Amino acid sequence: MSGRSTYYITTPIYYVNDVPHIGHAYTTLACDVLARFMRLDGRDVHFLTGTDEHGQKIEKAAAAVGLAPQAFADKVSVSFRDLVTKMNYSPDNFIRTTEKRHYAACQALWEKLAAAGDIYPGKYAGWYSVRDETYFVESETEVGTDGKRRALATGAEVEWVEEPSYFFRLSAWADRLLAFYERNPRFIAPESRRNEVISFVKGGLQDLSVSRTSFSWGVPVPGDPRHIMYVWLDALTNYITECGYPDTNAPLWKYWPADLHMVGKDIIRFHCVFWPAFLMAAGVAPPERVFAHGWWTNEGQKISKSLGNVIDPVELVDTYGLDPVRYFLLREVPFGNDGDFQRRALIGRLNGDLANAYGNLCQRVLSIVARNCAGQVPARGALIEADTALLERAGKLLDVVRAELAEQAFHRALTSIWEVIADANRYVDAQAPWALAKTDPARRDTVLWVLAEAIRRVTLLVQPFMPDAAGRILDQLGVPAERRQFAAFDRALEPGTALPPPQGVFPRFVETAKAAS
RNA sequence: GGCUGGGUAGCUCAGCUGGUUAGAGCACGGCACUCAUAAUGCCGGGGUCGGCGGUUCAAGUCCGCCCCCAGCUACCA
């Protein structure tokens, strides 16, 4: 942990050659929960997401539909902004690589690298397919029986082509990168990814081609505008563009270095090798941490457009509700691992964890309160051991969840919260407030107060995961907005506070015949 | 091929530096309760901890070999 009061967290910028799918939704969701948690915990948070709009693919996709690249990017970028609303994400800004300030940042970074002697002109050579208009790595090609080399993916004939290109002296950075990983063991997570990156770098690094002349949709290289900057040099720079680079006196520069770049496991190399090398070469501090999460499969099958089994987050939210989907994605799979998306499992979580355990706990407690306590937070008398035991378990939760989220262990944070929910359900049965109603109303009130207070503590911590549902439960507990920050975690419910009539927050999901088939 | 991680109840997984009868959640069976969203609680069945061999008073937990799975092995992102 940095120990700073600021917290800067980023998603990758999403390539607008694609419509948003579960993978995009998942990455941003994880960031959103962290951003919300840190804000509630009093940190000065900056949460950034956005779109990557340059490159040959965009140029070609735009041409294919008869649009200028910018117009095409404008159009597709909107669907990513819509997802932000749909999923109730809370970014502080949505950055686009086509912004003027981003061109300035990229070119400034380039000039810094060039001045440091880490960029030099050379030739980029590789197996080029004229038909596919793209280069292939040697391993992606194969020499056929006729002696001609072809791309494995497309079967198109490839030829050895050389074009002028600028190179970044990455080969010179291997040792410094390894030393950096050594000094910063938290830089790459999870552990298995760290091993992969280190072994990759230990295997030796080649210089990196960082400009192209084969297309023009991108940031021109300073002093040589025939060249367009390599997409990753362009894309990664967004993280510092946002902070005002190259102006280190800019108001947002206080957020750099980023506390966390959240990425999918497919782009870990760009973030853990290229990016820190670029930054160190430019004299800018590398980010604190990169977390590479896993991928989802769909009911056991690999997700692919050609299989037509892409998971649409919008459809999920429309079917199951936003908060259950947010909960499921972060609870079902240990964060960092690949996970299998199963409707049955989602429904199981929704009905079991949310409706039965948590929602029903709130409902059974609040309805007794409503019926017996004149619509107010009940009076509390002396506490017995069972009472303090439950309250203490709920009270420890803030530290537990804070520690788990420092490691991005969302599933463990949620498991801990739900253990207290289970404790609370056991406590209700053991104390049986409905029976106390006849024998000892004062004790009944105390039991209800303890339960309401335990639910308050739990729900405060549920807020980052399910902001809307948690908000509605806190409403029903009469917790005012200004006491929903973790600074107010220890401010117990005040007896006598007026409460609105209780209302179910997590309805069970009942499968219709159609949904089941 | 090389490197890394993993193979523990029907399913998903915990099991740190080796130590009493191997755990949780879900699913399944029984019981209790009736405040609650047919919710909740209690009890229970079920595992030769991938295989073989070894170290040790003692091994999912250490060592060796083997089998199986996944990821990585660079410039579309």
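RNA strand B is surrounded by 40 residues, the closest being Val-137, Gln-206, Val-231, Arg-269 and Asp-429, where a residue is near a strand if one of its heavy atoms lies within 4 Å of it. Of the atoms of RNA strand B that come within 4 Å of the protein, 66% belong to sugar and phosphate. This is a predicted model, in which local features need pLDDT of at least 70 and side-chain atom pairs count only at pLDDT 80 or more, while totals for chains, interfaces and linings use all residues. Residues are numbered from 1 along each chain as its sequence is written, and side-chain values use heavy atoms, with hydrogens and water left out.

| Side chain | Distance to a sugar or linking oxygen of RNA strand B |
|---|---|
| Arg-193 | 2.9 Å |
| Asn-195 | 3.4 Å |
| Asn-360 | 2.4 Å |

Among the elements that each supply at least two residues of the surface near RNA strand B are α6 (191-202), α9 (268-281) and α12 (343-372), helices being DSSP runs of H or I with at least four residues and strands runs of E with at least two. The largest share, 9 residues, comes from α12.

An open sheet is formed by 4 strands in the order β5-β4-β8-β10, with antiparallel pairing; two strands pair if DSSP finds at least two bridges between them. Because β5 (134-136) and β10 stand at the edges with a single partner strand each, one side of each is left without a neighbour in the sheet. Strand β4 (residues 119-129) is joined to strand β8 (residues 158-168) by 11 bridges, and Pro-121 has Tyr-166 in β8 as its bridge partner.

Methods
Chains lettered and ligands numbered in written order. Polar contact = N/O pair within 3.5 Å; in protein donor to acceptor, adjacent residues only side chain to side chain.
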